[in-house]
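Please look first at the sequence and the structure shown below.

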Amino acid sequence: MTLIGARIPKLDGPGKATGETRYLSDLEVPGMLHGVIRRSDRVHARIVSVDVSKALEVSGVHAVLTARDIVNVPFGHGKDNTPLKGDRVRCIRDEIAAVAAETESAAAEACRAIRVEYEDLPPVFTVEDALKPGAPEIHAGRAGNLPFTYDYAHGDVAQGEADSAHVVEGEFVLQFMTHCCMGTSAILAAFDSEGRLTLTSLTQVPFLYRRDMAAIVGMSPEDIRVIQPPIGGAFGSKLDIYPFEPIAVHLARATRRPVRIVFSRHEEFVSSPTRQPMRVRLRSGCDGKGRLTFRDAQLWLDNGGYTSWGATTPFVMMQTFSSLYRVPHARFHTKVAYTNNPYSGSFRGYGNLQATFAVESQLDLLAEKVGVDPLELRLMNSQETGEKTGQGLEFVSCGLRDCLESAAEMSGWRAKRASPALKGNVRRGVGMASMLHVGGGAKIYRSDGCGSVVSIDDFGKVTLVTGSTDIGQGSETVLAQMVAEVLGVAMDRVKVINSDTDVKPWDVGVHASRTSYVAGNSALLAANEAKAKLLTAAADLYELPKGELSLSGGFIMRGAEKVDALDKLVRTLHFTGKGELLVTHSYFEPASVKQDAGFFGNVSPTYAFGTHAVEVEVELDTGQVRVLAVSAAHDVGKVLNAMSLEGQIEGGVVMGLGYSLTEELKIREGKVLNPSFRDYHLLTAPEVPPIHFKAIETEDPSGPFGAKGVGEAPAICVAAAVANAVHHATGVRFTELPLTPERVLNGLIAAGVVRDPLA
Amino acid sequence: MQPEVEIRFTLNGRPVRTHVPPTMAVLEMVRERFALTGSKLACGEGECGACAVLLDGEPVLGCLTPAVDVDGRVLVTVEGLRHKADLAPLQKAFLMEGAVQCGFCTPGMLVAATALLAEHPHPSREQVRRGLEGNLCRCTGYVAIVEAVEDAGKR
Amino acid sequence: MTEQGYVRPDNLAGALDALADAPEGTRVLAGGTDLMVHLRAGKRFPRLVNVARVSELQALRVWGGALEVGAGVTVARLLRDAEVRRHAALLWQAADRFASPLVRSRATVGGNLVNASPAADLTLALLALDARVELVSRAGGVRSLGVDELVLGPGKTALGAGELVRTVRVPLAKPTAFHHFEKSGPRPALEISVAAVAVALRIEDGRVVEPRIACGAVAPVPLRVVPAEQVLAGRELTPALIEEAALAAAKVVRPIDDVRATALYRRRLVAAFVRRSLTAALDSQRVSHATGS
């Protein structure tokens, strides 16, 4: 192998480094109008009237739409959202009207000129209030504001309790966090002369999107073409359809002009989905030695005004409660309740950051009760290759033990753990946490597959048409590497086409850390078939034994001897003899199963594991937590591209640090208090600690070259490790994120670790 | 309508002139008047740095700098960073270190780093980190970006 | 905006002319880092006077026993200037924690003053340094105000009609001076202060002389905490005295709860930052004793 594991620069890098790459916000088409949405001023109200007359007078306005002007089809996982809201608003994001105009400023001016009269309805802002008898009903006919519950169990928790020498119990509160993609949400909708719709869209799931969009805008899916331009970040935020997208279609239809909508940053903060906030009540037990006996989790999720994917995060979370370390008995119960808050979507980790924070915090508490080092307790309960968990997850490869030991070693765990350092005004400590996540997709639909087409043209250029989607993470490059490796050609001889549903074969989309694994396996199948075809043809042509032929450096080789150049062989096939094209195709369906009604079953063909050890410094006078180093070990199966892997790890770790320390979309009474980068703090370059990374290569038997997915993994266990480190440093256990200086100082004072400086 | 002001300046090495409303920002000017869309609008409040450009060699925010203020001066956008047909060493370092993921912050990062390297040709890691403190990135965690700038400073 | 709604004078006289008959609500545009945010959001002003080309606002020199800083001097220029670092280290420290390099290259000293933000870092340093602000107008000539006389409330200043900030004069630091700036983190910069503290004092014959402590983001204006200064004046710096001054400072500030922090936390930060600053002063004294200087 020559390319696998190498540091290969991204194929789309040069255009991005020269500024020449055109993102959707850089794209203009002739006749294009700008769409702007008028949103609600209230969080819960009846819409009494909407007067658009002044908006229509604004110069340059082509259309003003309200719910009355369109067929408002309900959509989404709960079928409770509509593109425009006609009679009632349920959260601050609600779309009441939309304008298409010659310029963005004219459209914005027209939006401001729309007069909306409301009659306030009693609001509900917490899950507790929403579930109280007699609470205001947010959606008519959804009694009790309780659209979803999830129940899972394996073993017998009562038995687990009986087997326990130690039980810990506590509540964890997790905040709203938002994606902050550097490129804001956007769409361009354009109808052609035959009435077909082209959506230039940032979606992560183009085929499901096409199907769902067709239903919303009253079209046939085959008449919708989805083009996926380069995208300024996604991280899960574009896994669902949001109202602005069908609104753009309705505006394009009404004006017979292409319409583009690009969110302002303010709009992005207020109106794009968030990470699911929740309250987690967890009990964990272990025996006298520290072997886990049970976990019993109850969760309450704030669904906001409408349902997006956030409501389905329990599906992923229960895997962590049931299967991160060996747990003989586990129970999981979740209630998802409507409120008048903004609603949540999917976000890198899909609930797992929240679940892992609770589970791994309690592992440290148990270790303390037993009186063993947290590392020892984790090693004692670690899983091994070949295990099947209580939920039916099958670990065909599992590097958790290696991850634990490697992270500990990189961090200098044993020495640092021995005594938390005290230096003047600061205390230092180390903490660790591990994670489990799907590593090859998740079979939530009947298929979790991906199609590929490989073709080699008569100049020897290889084209991979893949169903998968690149959202900036570099899947295009990794897939090209795999194909180049199989066909023995240089990277620059492979082109990847992955951005047009009129051309590419079906795929579920980019989520669940599935692209390297599923699209990779799919590309490999097609590439291997192309290879077989080439070798057979060469064997026939030159009357050589096929078994002695190979592909390397752009040639058909027999040992070290060049038999023929690849391009020449392809030309021979095309233009002489049988006139054969070198095109192969494949469809790869992972060996996972759709879980049963009780959520049992091996939902992914393989799983990712990882451990982070984090060293922190806590300032006792300000409560400021500084992360000094992160040591991350991840079971990645096999390193495909060392550089893009490190990029995923580092980016994920820093995103996890943001979740731990600074990031919270502050919602009070349904409104967003900090809708700007000024008050929503992403980490900046000077705040980022050294990140030590070790890839654990377990060579998954089913993965492409042994690889498994890692896109989400690095963000998942950071917060728990940080909280455990802060506990080690200060003796104070924090169960609510983020660990802002104020929260930490309050905790230190309340615990008597420091004296109130004002006292 | 606002009366437009005529301005002449050097843009990516070429003398140019245009008319702009006095409240127009450099960002909209380069994107709308010169079709240079490398500089990005990602916040419009000076908090993210994706719109950074060089004005007389100093890194400034395209979104908050009035276009009229470039009159008579030298403006360089990300499109002007390459060395003729070839990429600048810094751009190459970005590619070789994996400093580009989604790429939306990349133009601003390159501009800020170019200014930093002009002032400190061989910056320390801390100088690089501070030099990029006004540029947000959501993909990379900054690690590869900082390494790329350090690398370019070692050449 | 009308024809006369936008003026770009070439010199100070032109700027003062443009301001002299200016309609109410006229704004001076220097670096634009604050004003452009409003303009982008669609806000309009009856007249904008762009002073980017007014060279008289660009002074940066030691002159007449003071550091003279033109209102149009950018934060980046302050940071590059050796005289600033030598004679007004506190101003330099505040500049170093100011926004980001991209903002520092445009944001001006005058802009930071007249924005009159309670959290303005440079203004805080200038207040602690006892700087004088010179205002000019076509009708009234020149007048000079202290920072606390100029900044009256959030966004509110004592600038009269037609007046422009021309220069800021900062007394040169004596060899016995100690300057220290503390700002809430974790970011080194690019952060609206949750609280900030600027301390300027001298230690002569083992005693604190002319201490000036200014606190930011804990009152409607950058605030001198006079009771804390009184605790220190003429006394020997000891841990007990530091504690007393820190508590006095925390007591006198008037913070509010907002989206960034609560009033209580801000008060605690003031105590912490005053304590840190004065402890640094004590340490610097020990160092200078140890080196015999």
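This is a predicted model: local features need pLDDT of at least 70, side-chain atom pairs count only at pLDDT 80 or more; totals for chains, interfaces and linings use all residues.

Residues are numbered from 1 along each chain as its sequence is written, chains are lettered from A and ligands numbered from 1 in the order in which they are written, and side-chain values use heavy atoms, with hydrogens and water left out.

**Fold of chain B**
- Chain B contains five helices and five strands, where helices (H or I, at least four residues) and strands (E, at least two) are DSSP runs numbered from the N terminus.
- Starting at the N terminus, the order of elements in chain B is β-β-α-β-β-β-α-α-α-α.

**Size and burial of chain B**
- The C-alpha atoms of chain B occupy a box of roughly 45 × 30 × 25 Å along the principal axes.
- Of the 155 residues in chain B, 70% are buried; buried means under 20% relative accessible area, with a 1.4 Å probe and protein chains only.

**Surroundings of A:His511**
- A:His511 lies in the loop between β22 (494-497) and α15 (515-542) of chain A.
- A:His511 has a relative accessible area of 14% and is therefore buried.
- Leaving out residues up to four places away in sequence, A:His511 touches A:Val205, A:Leu239 and A:Ile444; contact means heavy atoms within 4.5 Å.
- A:His511 and A:Arg348 are 163 residues apart in sequence, and their C-alpha atoms are 8.3 Å apart in space.

Conventions:
Buried means under 20% relative accessible area, exposed over 50%, partly exposed in between (1.4 Å probe, protein chains only).
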